[in-house]
Amino acid sequence: MSLPDPAPLYAAHLDTLKARADQALARGGLDHLVIPSGRLHYQHADDLNYPFYVNPQFKAWLPLTRVPDSWIVYTPGQRPRLIFLQPRDYWHVVPAAPSGWWVEHFDIDIIRTADQAAALLPGDVARCAILGEAHSALGAYVPNNPEAVIDYLAYHRAYKTPYEIALMRQAQALAVRGHRAAEAAFRAGASEFDIHMAYCAAVGQDAAELPYGNIIGLNEHAAVLHYTELERAAPAQSHSFLIDAGASAAGYASDITRTYAADAASEFQAMIDALDAAQLRMGNAVAPGVDYKQLHLDAHLSLMGILKDFGVIKVSPEAALASGVSAAFFPHGLGHSIGLQVHDVAGFAASDRGGRIERPEGHPYLRLTRVLEPGMVVTIEPGLYFIDMLLDDAKAAGHGEAIDWARVAQFKPYGGIRIEDEVLCTETGADNLTRPAFADAASHSR
């Protein structure tokens, strides 16, 4: 499988961004869109900075992610301008002058100090929508993030352009390299830390470049949803391995989860297989007009059906959902939007003028409540876990009779299962971005 080249798709992507900016500025009654890339944050009482993460609004326009104190200025009817900081600096590597397939679309000004940007920004600050964090302020140019502008841009960011989809496919392929290396390390008996290092080496990205901290849990650690401790010593016996890890491509994220059993003949492997099949069905249900809230609720029923088949719960899936028992085993949401950020913005937006679509009652961690439309990319990540805290809560709430505690005890050493793909909603249905990347990697390894 050859990955699409984003370069020929960039001009159309930029036209889309300009059209969105035109409408957003009109909504806000403003004349200029001003986007700082961001500034370095320094540790208290030290000159050591935290890792730099570029403003997502900035990297939407340009494939630049490591350029602090730079700015984009867009005025409707004019070419966008990049103010690019290329400092005189012998302590660090000075960024090369802008080059590549995107530069012909921008007017570019090179500055040598951060303060020089002020003279190149629009003269009337009051007519500017300045998008970013307060830390990016430069004199009078303080990010104001006008609500009407932000609401419009955030809402429409859910609809990915072909350029964005091409980069997201690249991020999938990179992450899959890491996942395959991580599984091999697990099979070889590696520790969580060593699995993490194998992942980073295969992807070619370090912790500051990855879109989020790798979740790598062996055995019962798989029951901690955001487990990032990375034990240096391998357990005496590895029963299971859960990895939730992604990669970055020009600022766009991937987010993939897989779970493995050490013993392919175990009941835990059979449960993984059942959840994998259910996850595929959930992903295939992505289509225009589908309410993501309903996908989430349907996922609860499907997962409780698995637990009923394995004798973990004694009640029907419907009863488990209605009583809240299902949340003890599947406590998070089915997924979220993804793109420039792992948990991309406007997941609850009612429209591009604001408003909010609330989560279903009893499901406080669902991150997406919109109706799916073509161009949206969402994660589908059902999970089943054996978490002492939540199981104790279920028992305290009077639901102990609904659960077979002997079966729970058998599965607890494995921690839990999560499987996650990214799925593009198209005009005709679902386009799974993740599974083909795994299949392609497997075919090339034969």
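The predicted model contains an open sheet of 5 strands, arranged in the order β4-β3-β2-β1-β5 with mixed pairing. Strands here are DSSP runs of E with at least two residues, and helices are runs of H or I with at least four, numbered from the N terminus; two strands count as paired if DSSP finds at least two bridges between them. At the edges lie β4 (107-111) and β5 (128-130), each of which pairs on one side only. On average, neighbouring strands of the sheet are turned by 15° against each other, direction ignored; axes are lines fitted to C-alpha atoms, for helices over the stretch in contact, and angles run from 0 to 180 degrees between N-to-C directions.

Helix α1 (residues 10-28) packs on this sheet and touches β1, β2 and β5, with its direction at about 70° to that of β2. Contact means heavy atoms within 4.5 Å. Strands β1 (residues 32-36) and β2 (residues 71-74) run antiparallel and are joined by 4 bridges. Ile 35 has Ile 72 in β2 as its bridge partner.

Turning to the loop between β3 (81-85) and β4, this is where Ala 97 is found. Ala 97 is partly exposed, because its relative accessible area is 43% and that class lies between buried (under 20%) and exposed (over 50%), using a 1.4 Å probe and protein chains only. Beyond its neighbours within four places in sequence, Ala 97 is in contact with Phe 84 and Gln 86.

Residues are numbered from 1 along each chain as its sequence is written. For this predicted model, local features need pLDDT of at least 70, side-chain atom pairs count only at pLDDT 80 or more, and totals for chains, interfaces and linings use all residues, while side-chain values use heavy atoms, leaving out hydrogens and water.
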